Amino acid sequence: MDAALLTPTEMGEADRLTIAAGTPGIVLMERAAKAVADAVETGFGDAARIALLAGPGNNGGDAYAAAAILERHGRDVRLFHLVPSQELTGDAAIAAKAYGGQAAPLADFQPQEFDLVVDGLFGAGLSRALEGKVVDLVDQLNASAVPVLAIDLPSGISGTSGAVLGAAIEAEATVSFFRRKPGHLLEPGRSRCGRVAIADIGIEADVLAEIAPTSFENRPALWRHRLMLPTQAGHKYDRGHAVVFSGPASQTGAARMAAMAALRGGAGLATVFSPASAILVNAAHLTAVMLKRCENAAELETLLEDGRMNAFVLGPGFGAGEGARAYAEAVLSAGRRLVLDADGITAFQDMPDALFDAAVAAGNGREDDGPALVLTPHAGEFKRLFPDLAEAELGKADRARKAAARSNAVVILKGRDTVIAAPDGRAAINATGTAWLATAGSGDVLAGLVAAQLAQNTPTFEAACAAVWMHGKAAEAFGPGLIAEDLPAMVPKVLADLIAF
Ligand SMILES: NC(=O)C1=CN([C@@H]2O[C@H](COP(=O)(O)OP(=O)(O)OC[C@H]3O[C@@H](n4cnc5c(N)ncnc54)[C@H](OP(=O)(O)O)[C@@H]3O)[C@@H](O)[C@H]2O)[C@@H](O)CC1
Ligand SMILES: [K+]
């Protein structure tokens, strides 16, 4: 549960359970405020004049309590309130009463008079879009060069979806409590948060068992124990056999990159299935990866008789047309797990139900492994299979969750904040990677890395999560100037770190 993310509602539940177990809410607020004051001291120690903005709820209460601590530390603080303190209720009212320092209405706030602004306007309780004077204030603050430290979330960011509701503060740093929220990791929330620090305010991890969160940060803690890493005694066939379908002669590179990634990711063997016309081109480039002719569905049926070929990739550079549909359906009905990417996804745009039905049929009896199908769409490909979900007012995690449930597939919805979702409702949000990953062929390598895990019998959701994480780590390890071919070569280093983990 280390990787759990809590939605604002779930965080409220953690709060409620902790209070019910005997810790008063004001104590939690004091601890939250202490964490905020500590973050001011460590991150903004030389800020001479500090403004704290207090909203109408407990986020504002945290601001009052932090102002009191900073003042006791001798800092020059001034508090600006959205509503008069007499209108506050509960713990926020207690904190406001205890603060005896300077306070003024928010209308008097001028960002340029300060070296640091602490944002306690809205946090987990944001329930609608910001409007009116608050939007003007946010715009003015963002346009100023004054750094902002956000309490819990930058005001205006949804903790559930990371969306900007009306307008949102751009923070340099954010202090949150107990566990991250999805909005800290999903864009644009992630960028608005700046550096995120999570403070322990005395909420015990055992509340998570009762809350049963379904969102997670994609970290090794989530899947490391399910990974099948090679053992000394193992044989190459124990590590499975990944197969990648090649496109026609003019577009074979994508399949080879995916196959190389499958091998580097730990598959015992990798084979490219190539149409006859592309055999020579593929042969000229392959060494460790093997090559077999696969001209049509009938030939595929025969090739599928080799039961050791257990994980398939279809789509990278495959080309448009009906061939992809027949191949995908054949692989799934033969009980093999399939990563469907790029052209493989597009091939089903006019008949997504045919794919989903095949995945449901293949998924039966696979409870231990999870779904037989992995879909790896970017936003445009996602829209081809799930046009209604692409347009619905949903956060990215819920969008991917609904797609996974509908298709009975693990869905990797790609982007800077890639989400991996399973039909059972779990969703992991990835945070590894660099801007350099947005490069031609990067997705082909990812598909191969997923297949590497599937070949090694890692359950589908964990396989997808591990592959996405490694893909990002490989990019981080390489650094600037990355092209897709560089990624497989970085995988050994990423695996070494994982094994040492
Ligand atoms: N959970 C924990 O463990 C702990 C939580 N702590 C802290 O509590 C914070 C959550 O507090 P919270 O629930 O009071 O919500 P908060 O973010 O202050 O906002 C609610 C207020 O804003 C209002 N409002 C909403 N949207 C609005 C809009 N667009 N425009 C205008 N108004 C709007 C809303 O009005 P209403 O919707 O009721 O009409 C209500 O009055 C959390 O972020 C953390 O900082 C810590 O103290 C320690 C432990
Ligand atoms: K805030």
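In what follows, Ala, Val, Leu, Ile, Met, Phe, Trp, Tyr, Cys and Pro count as nonpolar, Asp, Glu, Lys and Arg as charged, and the others, Gly among them, as polar. By these classes, the shell around ligand 1 has 14 nonpolar, 10 polar and four charged residues.

The model is predicted: local features need pLDDT of at least 70 and side-chain atom pairs count only at pLDDT 80 or more, while totals for chains, interfaces and linings use all residues. Residues are numbered from 1 along each chain as its sequence is written, and chains are lettered from A and ligands numbered from 1 in the order in which they are written.

**Ligand surroundings**

Ligand 1 is surrounded by 28 residues, the closest being Asp 15, Gly 57, Asn 58, Gly 123 and Gly 125; a residue is near a molecule if its C-beta atom, placed from the backbone, lies within 6 Å of it. Helix H1 (8-20), helix H2 (25-43) and helix H3 (58-72) each supply at least two residues of this shell, and H3 gives the most, with five residues. Helices (H or I, at least four residues) and strands (E, at least two) are DSSP runs, numbered from the N terminus.

**Domains and core**

The protein is divided into domain 1 (4-213) and domain 2 (237-500), with bounds from an automatic or database domain assignment. Their C-alpha centres lie 41 Å apart. Across the boundary, 10 residues of domain 1 are in contact with seven residues of domain 2, where contact requires C-beta atoms, placed from the backbone, within 7 Å. On the side of domain 1 that touches domain 2 there are five nonpolar, three polar and two charged residues.

UniProt, in an unreviewed entry, places the feature "domain: YjeF N-terminal" at residues 11-209. UniProt positions use the numbering adopted here, feature names are shortened, and annotations may be inferred rather than shown by experiment. Over residues 11-209 the chain is 38% helix and 17% strand.

The largest nonpolar core has 164 residues, and Val 118, Ala 262 and Ala 451 have the most contacts inside it. Such a core is a set of buried Ala, Val, Leu, Ile, Met, Phe, Trp, Tyr and Cys residues joined through C-beta atoms within 7 Å. Helix H20 (residues 460-478) contributes the largest share of this core, 11 residues. At least three residues of the core come from each of domain 1 and domain 2.

**Annotated binding site**

For "binding site", the unreviewed UniProt entry lists Asn 59, Asp 119 and Ser 155. Although these are spread over 97 residues of sequence, they cluster in space, with a largest C-alpha distance of 9.5 Å. A residue is buried if 20 or more other C-beta atoms lie within 10 Å of its own, exposed if 12 or fewer, and partly exposed in between.

| Residue | C-beta atoms within 10 Å | State |
|---|---|---|
| Asp 119 | 29 other C-beta atoms within 10 Å | buried |
| Ser 155 | 30 C-beta neighbours inside 10 Å | buried |
| Gly 120 | 34 C-beta neighbours inside 10 Å | buried |

Ser 155 is found in the loop between strand E6 (148-151) and strand E7 (173-177). Leaving aside neighbours within four places in sequence, Ser 155 is in contact with Asp 119, Leu 121, Phe 122, Ala 168 and Ile 169. Gly 120 and Ala 63 are 57 residues apart in sequence, yet 5.2 Å apart in space, C-alpha to C-alpha.

Notes
Two residues are in contact if their C-beta atoms, placed from the backbone, lie within 7 Å.
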